[in-house]
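Work through the exercises below with the sequence and the structure in view. Each task is followed by a solution in steps.

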Amino acid sequence: MEKAEIANRIESLASKSIEKMYLNDFLLTWDKSMDELESVFAVAEILRGLRGQNISPRIFDSGLAVSIFRDNSTRTRFSFASACNLLGLTIQDLDEEKSQIAHGETVRETANMISFLADVIGIRDDMYLGAGHTYMKEVAESVEQGHQEGVLPQRPTLVNLQCDIDHPTQTMSDALHLINHFGGIEQLKGRKIAMTWAYSPSYGKPLSVPQGVIGLMTRLGMEVRFAHPEGYNVMPEVVDIAKNNCDEGSGSFIQTDSMAEAFEGADIVYPKSWAPFSVMEKRTELLRAQDHGGLKDLEKQCLENNRKFIDWECTEELMRKTNDGKALYMHCLPADITGVSCQRGEVEASVFDRYRVPQYIQAGYKPYIIAAMIFLAKTKQPVEALKKITDGANPRFTG
Amino acid sequence: MEKAEIANRIESLASKSIEKMYLNDFLLTWDKSMDELESVFAVAEILRGLRGQNISPRIFDSGLAVSIFRDNSTRTRFSFASACNLLGLTIQDLDEEKSQIAHGETVRETANMISFLADVIGIRDDMYLGAGHTYMKEVAESVEQGHQEGVLPQRPTLVNLQCDIDHPTQTMSDALHLINHFGGIEQLKGRKIAMTWAYSPSYGKPLSVPQGVIGLMTRLGMEVRFAHPEGYNVMPEVVDIAKNNCDEGSGSFIQTDSMAEAFEGADIVYPKSWAPFSVMEKRTELLRAQDHGGLKDLEKQCLENNRKFIDWECTEELMRKTNDGKALYMHCLPADITGVSCQRGEVEASVFDRYRVPQYIQAGYKPYIIAAMIFLAKTKQPVEALKKITDGANPRFTG
Amino acid sequence: MEKAEIANRIESLASKSIEKMYLNDFLLTWDKSMDELESVFAVAEILRGLRGQNISPRIFDSGLAVSIFRDNSTRTRFSFASACNLLGLTIQDLDEEKSQIAHGETVRETANMISFLADVIGIRDDMYLGAGHTYMKEVAESVEQGHQEGVLPQRPTLVNLQCDIDHPTQTMSDALHLINHFGGIEQLKGRKIAMTWAYSPSYGKPLSVPQGVIGLMTRLGMEVRFAHPEGYNVMPEVVDIAKNNCDEGSGSFIQTDSMAEAFEGADIVYPKSWAPFSVMEKRTELLRAQDHGGLKDLEKQCLENNRKFIDWECTEELMRKTNDGKALYMHCLPADITGVSCQRGEVEASVFDRYRVPQYIQAGYKPYIIAAMIFLAKTKQPVEALKKITDGANPRFTG
């Protein structure tokens, strides 16, 4: 991106109403206004452009970014680390096993104890339905209170790195990928996206990606086709959000139990495995009860049921049904690829391979999306701050 | 804190005899002179003030701070990370399980191998009586020798992040909390502090906090009331230190086996569970012998014995006995709160709650205390260094 | 090192042909030209000299250095952390257990996913014969491809932190130690180095150190005596490389099954345990098959066989056979020291002790060797970059 283009994008931010982002969190995309979402896209692209120009957008000389990963992560962990590092923050991971938290400590106490010099807190908590988002809100309220009580010299900003409801750093990266692929956010209006379930030999994958996608893409004016086998529904509240978005905007939301129907004429397809909502609810109970036998039984049942839908695979044949046979294939990765990572999976190998590069590019937006979320939460005057960075032109690498 | 006040505090340092802190370690508070302790308090407050003014006290452009945690930690781990980050050092954790140390390597060798570019080493080693402090001294001697032999280009400074004897970063934070609460170090003279045992359903908590408190607060001229059930005594050497402090200064030291007696008219109460010294000695033997059966038996016995003292709880009733019923309640956290983290614990929930904010503020001094210990060990002329930082006014955050 | 000396060494770099190092990896020393190896030595010494002058060679304002440790490490882990920190990069460790990699993800995918903002990737993978180097090449090809495809904005540089074939950061540090000990690289020509097997009560140590040593020291014109009991041979390809080096240069390579013969008149001795090549091959099979019983049996057999060679110990008596009885004793550490870390080991305690300081100094070169490898891979014009650093004289520590 040329410097002039970077400057243009900075200018475009000036008209946005984004005051509420200051010192605020990023938990769910549907809590944010369109101006706020568009500003995240804009700042992400500006930061990416600046890095391309070897200009360092480092705004912190020191400061901690706390990470709390209650589930495995590679992509998001590295994206969060990259984003924080780009802005000058150092990651300090809260490893709950090596801490004294088991000890019955309250969330409020832990949240304050780790935040004395923390500017950001990133949390992944997607294992238990009804838990992750609740936990994040409790942490957010705790540090807000801590700041008001004079315990914390600053109010750390929370970034949701995947909860039980939404996965905003993923879906915002997905959306930025679409914006760049189709040539602008306006170009997304009316585009048909098939967010469909797909078969995987594993079980219990979180619902946050499909939920996040239907909750975000309906806002961007897309025609969202949501397809899954019977029983594989997601949280009803999020379906309502998707429908509401359509009532209020130009998007539309169609539910179907046929993958083929969803693919028909689609511009984008996003086939991905997830666990049925009711199974996730049961699983949550069993996990809480540490009922390992029960979990095993549930897994067995669930996998048996799953096998009935082994045909929900993104094949070349299905791809031919899409718009001009050339829909953009998306996945949050890692995908279960037939014949590569498993015998039968979410996607045929040749489809995956053809879209490998776009998918990697899609994943590559995440560090900048996260950095943009942090930037907009920490800078009171983001336009001025970005101009200062651009004018200063402090090199990231001087070798 | 206003800039003028920061400047005053820097000036006040000029009269202190603190040359010996340079390139030295911080292992036990009673190894330090009053001038040295007061300088730690002063620098901690200056660094906190500078952060409040958005001035970065970063003195390192690069450099490692090695952390060695031989026991779980949240508060201290994050405090050490925060302190090092504030000064520009990067934490490198020595995970003894992922290293080749089991291999029979000597402490001297490991200490040198991790220190080639290390400016600081922080160690928590509080599990074994007779071990933690001994280990820290061995590490300190090893890096001292390594520096003299030309192996290490610099002599890393050790900070005791809790050993079997003392927990100086905790007690110094506690003391700074008292100084600020009561309006100055002079205001602590004659204050009555009840350092008392309290019941917890767990077993085997380290002795370093009560030991550190009686060893430090007697030096600050306080009347220290040390109360515990029969058998729950601490290391006799530390009791001697507390008594000596009183002989040499204005403090006093009273031992009793009644919580109520200790609370009578107290200005401050610090009720906290710990293991009996003799149990810790036996536990140390069993841990060394990896005698898991023996440890279980000991735990059983100890918990049975413990239960006899279930009434050692900091209740509202007991709090009413303190000075004006308003003694400052302290805890190093996390506390065992009756009805919250356990059925019966160290403190009644309403007492804990009333003092929650002051306790969190107390904990919040630790990053600055640690940063001050490091600052005073690394800068040859701390007054000049602090003036340079203040004059330079390099912002911590530029967004 | 004086500033004038630093300047001289920078000047000496100007005549070297090192263009190919730019954006390239460091996997095997024998892939590099003599000019390239000499430049690594020179830059390592310049960086060490600059640190001694309190000049910061930080060339990155931000950026990640990814570490992947598939085996335990202390020395190399801290050296890599130190090197990256010195240049301004932040370590982000890929913990394969906490990631989603098990999931059947390809190496290409993981390599790209962790590299969006990564400037360096350091890998230790020495457990499986035929695997480590292959894995590193696959990672290198993946990020090269990712960069060409526009997925990665930069091409991260790989540093081999020990593979199944070579351990270049170790052997280059060893060589720099020899250069400084004997007064220049020219002084190494014709020196006799005994790279010999030695007894250890453990089993299965990697072959990469002896292989790396014979592969590198033959290039430096040394007379390499390679001694081991029957059956303890190393990869034949590397023996061929050592022989080829001698055909093309002034070095010589002698194989023997007598430790005494190798020590006769030696200037340097490097006695170290390793597993027989055939055992490593079998072990690799068993590890891959997760055949724990088979591994146990193999270990038993191997240790029994090992015991036959308990006399392969670097004793005072053997040392007396060396040149003037004063050969330089080397070890990559930690060593198995008789009577210290084990009953019978690789070296007599008095020999080890006499050479303890030189060994620690030897180990201390590793951070600078790694930093030099990175520096030469990232800077297009290293001479200019080093001059800029020297002229700028930005202090590492300003306290």
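**Exercise 1.** State which exposed residues the face of H8(C) turned away from its buried side carries, and describe the buried side.

*Solution.* Step 1. The face turned away from the buried side carries the exposed residues Pro236(C), Glu237(C), Asp240(C) and Asp247(C).

Step 1. Val238(C), Ile241(C), Ala242(C) and Asn245(C) of H8(C) are buried. Seen down the axis of H8(C), the buried residues fall within an arc of 100° (taken from the directions from the helix axis to the C-beta atoms), so they line one face of the helix.

Step 2. The cover over the buried residues of H8(C) includes helix H7 (208-217), strand S6 (223-227) and strand S7 (252-256) of chain C. Helices (H or I, at least four residues) and strands (E, at least two) are DSSP runs, numbered from the N terminus.

The model is predicted: local features need pLDDT of at least 70 and side-chain atom pairs count only at pLDDT 80 or more, while totals for chains, interfaces and linings use all residues. Residues are numbered from 1 along each chain as its sequence is written, and chains are lettered from A and ligands numbered from 1 in the order in which they are written.

**Exercise 2.** Describe the side of chain B that touches chain C.

*Solution.* Step 1. Chain B has 30 residues in contact with 31 residues of chain C; contact requires C-beta atoms, placed from the backbone, within 7 Å.

Step 1. On chain B, strand S2 (90-93) and helix H4 (107-113) each supply at least two residues of this side. H4(B) gives the largest share, 4 residues.

Step 2. By type, the residues on this side of chain B are 11 nonpolar, 13 polar and 6 charged. Ala, Val, Leu, Ile, Met, Phe, Trp, Tyr, Cys and Pro count as nonpolar, Asp, Glu, Lys and Arg as charged, and the others, Gly among them, as polar.

**Exercise 3.** Find how chain B is related to chain C.

*Solution.* Step 1. Superposition is by least squares on the C-alpha atoms of residues with pLDDT of at least 70 in both copies.

Step 1. Thr90(B) is the residue of chain B that comes closest to the rotation axis, at 4.8 Å (C-alpha).

Step 2. Only 3% of the interface residues of chain B are also interface residues in chain C, so the copies meet through different surfaces.

Definitions and conventions:
Two residues are in contact if their C-beta atoms, placed from the backbone, lie within 7 Å. A residue is buried if 20 or more other C-beta atoms lie within 10 Å of its own, exposed if 12 or fewer, and partly exposed in between; C-beta atoms are placed from the backbone.
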